[in-house]
There are 2 protein chains.
Amino acid sequence: MPLETLASVVGASHIITDPDVLAGRSVDHTGRYRGRASALVRPGDAEQVAQVLRICRDARLNVTVQGGRTSLVAGTVPEHDDVLLSTERLNTIGDVDSVERRVEAGAGATLAAVQHAASSAGLVFGVDLAARDTATVGGMASTNAGGLRTVRYGNMGEQVIGLQVALPDGTLMRRHSLVRSDNTGYDLPALFVGAEGTLGVITALDLRLHPSPSHRVTAVCGFADLEALIEAGRTFRDVDGIAALELIDGRAAALTGEHLGVGAPVEGDWLLLIELAADHDQTERLADLLDGARLCGEPAVGVDTAAQQRLWRVRESLAEVLGVYGPPLKFDVSLPLSAIAGFVRDAVALIGDQVDDALPLLFGHIGEGNLHLNVLRVPLDREKALYGPMMDLIARCGGNVSSEHGVGTRKRPYLEMSRETGDIAAMRAVKAALDPTGYLNAAVLFD
Amino acid sequence: MPLETLASVVGASHIITDPDVLAGRSVDHTGRYRGRASALVRPGDAEQVAQVLRICRDARLNVTVQGGRTSLVAGTVPEHDDVLLSTERLNTIGDVDSVERRVEAGAGATLAAVQHAASSAGLVFGVDLAARDTATVGGMASTNAGGLRTVRYGNMGEQVIGLQVALPDGTLMRRHSLVRSDNTGYDLPALFVGAEGTLGVITALDLRLHPSPSHRVTAVCGFADLEALIEAGRTFRDVDGIAALELIDGRAAALTGEHLGVGAPVEGDWLLLIELAADHDQTERLADLLDGARLCGEPAVGVDTAAQQRLWRVRESLAEVLGVYGPPLKFDVSLPLSAIAGFVRDAVALIGDQVDDALPLLFGHIGEGNLHLNVLRVPLDREKALYGPMMDLIARCGGNVSSEHGVGTRKRPYLEMSRETGDIAAMRAVKAALDPTGYLNAAVLFD
């Protein structure tokens, strides 16, 4: 281990070899995926990141990059005594350019910090998700994170207009566009976005910001069956001003309501949270839209911020509440809308066949056909029996095995289910071009 | 020349060696860029494209790909006795999936044909530009074309959700997503989009479609100075329902109006075409918005289709009318909004210094800070004296040397002005990984 060389670059206090720290850093959030790391290195700027990479490459050490470590597919678990490279010190956020609506952020800045910078300038950042206080924008770009606002603003990739990247050969590259409209050469930012750290370490980002809508209205509506909800989702995702469109399993909402001591916001086996936001009042339009849908019972509508926050709490607390049952087995999948009801029926049957007593609960971003299927009470030794067949089912339904969480270590064996041979070969060629020895984030994406 | 081998793949009638045809195919639309081709090959399907590539690579022949040949940066001019590979026969358009709002199109399908397929299904394709009857969706994806609707729907890249590509090694890859939400591996479509055919030949595309707005209103407004127009553009680009935001030089509008025999639609040194489109009436909102802008005189408003078409004609006929003066020298540039007025002032001064009698005329997509500066009456022997200094000026103003036309052959020497060394090195590494001998579209992008 070239610890001294690394220490001369980042400072001795930023090389950590304490076994407890390393063990805590070598496991995913479920505690199910465990690896082993030889050191944690915390570079203080992009040049240091590049130097750390060069030193590790030359010493034939694998490097695993860590941001907020909120990956849901074990994307930051080191497999082979890796050096852990943390972006946590790269957390500077520049001044917001409110005319061009952009801000430069270090990869280690949290989503919440970027959101705060944007809102302080009267603007809004286009991505929001539950792990906002921990997830870093570098990690979110590396995984092309989606979330609660995708139906309006797109995924993380659609917010990235420039990048600084430390490449596997230890050089730095900067794609710095002051303006978004730019057709000068390959769209390298789009290549690094979603590459899960396998092609380089994102050290800084130019992020697009959006005007903040002055009017907002939120509703939670109940549906007697999933088909009726999907039909409503199909209509609502197209309306002007759509700002959120979240499917919530009625049973999950009931559990959450119980946990929060507030009860479910509305009746219904399936709930839909819909939000409109625009520069003029949307209350009447929302009422008109809901009039046309096959709801069961009256929707709960929030016209002021406090009421809206109450409605959102049911959705936002889902992950936490489900976690009370132990880490759920998570499937993040996107499907054609027309295939969703059939998939859910078959998936529930599959789960029942494989694991007695398992409890499948769904939520997701119905505008994108993106479902989060969480299966509670799956013993560790039954996971494998469920995982492969579920991936098969997703592929058979015309879906993608990863919608917004990425491939990570978890779904590595299933890449071929969504990607054909020529595609994977092209991906591998790009990987080999930038990282010929394959030392960077070696555990993710490719088998 | 392995003409017989090529003929055995595509059929003898699809190998053309007639010198007149080849000469016509080896020149850009201005007649200023001229190259030389040894044959024109017209494969009939993706497999044939792949085979043609393999044969040419093995025979050490350069290949230049041609779609509609509407490149404004000499992007399809062969430099070295190339084989011209035309995508014109790959023009099938599949059935529109109106639930998932997507359609599969062959690379050689024209934009107009895709637009027609979309509108027949009650949907709209997100990109529109003047060359719609000629430009092919394959070429438009290869150059990440923008156009008249970018302010609403983004560029071509934002419409592409899947691709089939014949790679330089003669293999085919297919990224086929039935749903847009997809984080399964590298975003290869985003890499091929905008690569100007240097990484492979796009043979088919899965294109995203959008709901068709039921209400539309259009206005052309006059401004006494450019600053006032930019200020209005800054406000309007953020409003909900914005569907177009086009800057038109008052002198250019006057020339066009004269040419069309209709006169300029409104008074003003600078004109702005603004369009709102949504699922509810926008007429009042537009009136409110225009009330708040510093217009000179009354705007011309079009509430019905016929009136809207009349307003659009001034914008749509610009290129044709300017062409009457001979091919203009074109600069396609994007700039921060705050830099535009200064850039225009300096650019006009630069043109005056370098070329007596030259007439600079501007139009562009002000929402993206994208200007098309057309300089009329520039003698061929003065072009060079103007081009480099203009690229310098763009870079000094914080702009991009290509906003939506690409780099092509024309701007190849200026790539370093918008891209730093590490960035170009990374681009070259990707190119070398996929096309190690550099035979595909060798004339474009890299110097």
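What follows is a short chat about how some labels on this predicted model come about.

User: What are the ground rules here?

Analyst: It's a predicted model, so local features need pLDDT of at least 70 and side-chain atom pairs count only at pLDDT 80 or more, while totals for chains, interfaces and linings use all residues. Residues are numbered from 1 along each chain as its sequence is written, chains are lettered from A and ligands numbered from 1 in the order in which they are written, and side-chain values use heavy atoms, with hydrogens and water left out.

User: How many helices and strands does chain A have, and what makes a run count as one?

Analyst: Chain A has 16 helices and 16 strands.

User: Why is Q164(A) called buried?

Analyst: Buried means under 20% relative accessible area, exposed over 50%, and partly exposed in between, using a 1.4 Å probe and protein chains only. Q164(A) has 17% relative accessibility, so Q164(A) counts as buried. Buried residues make up 62% of the 447 in chain A.

User: Where is Q164(A), and what does Q164(A) touch?

Analyst: Q164(A) is in strand β7 (residues 160-166) of chain A. Leaving out residues up to four places away in sequence, Q164(A) touches several residues, including A46(A), L172(A) and V201(A). Contact means heavy atoms within 4.5 Å.

User: What makes β1 and β3 of chain A edge strands?

Analyst: The open sheet runs β1-β2-β4-β3 in chain A, with mixed pairing. β1 (15-16) and β3 (63-66) of chain A each have a single partner strand, so one side of each is left without a neighbour in the sheet.

User: How do you know that β2 and β4 of chain A pair?

Analyst: Two strands pair if DSSP finds at least two bridges between them. β2 (residues 37-41) and β4 (residues 82-86) of chain A have 4 bridges, in the parallel sense, so by that definition they pair. L40(A) stands opposite L84(A) in β4(A).

How values were computed. Helices (H or I, at least four residues) and strands (E, at least two) are DSSP runs, numbered from the N terminus.
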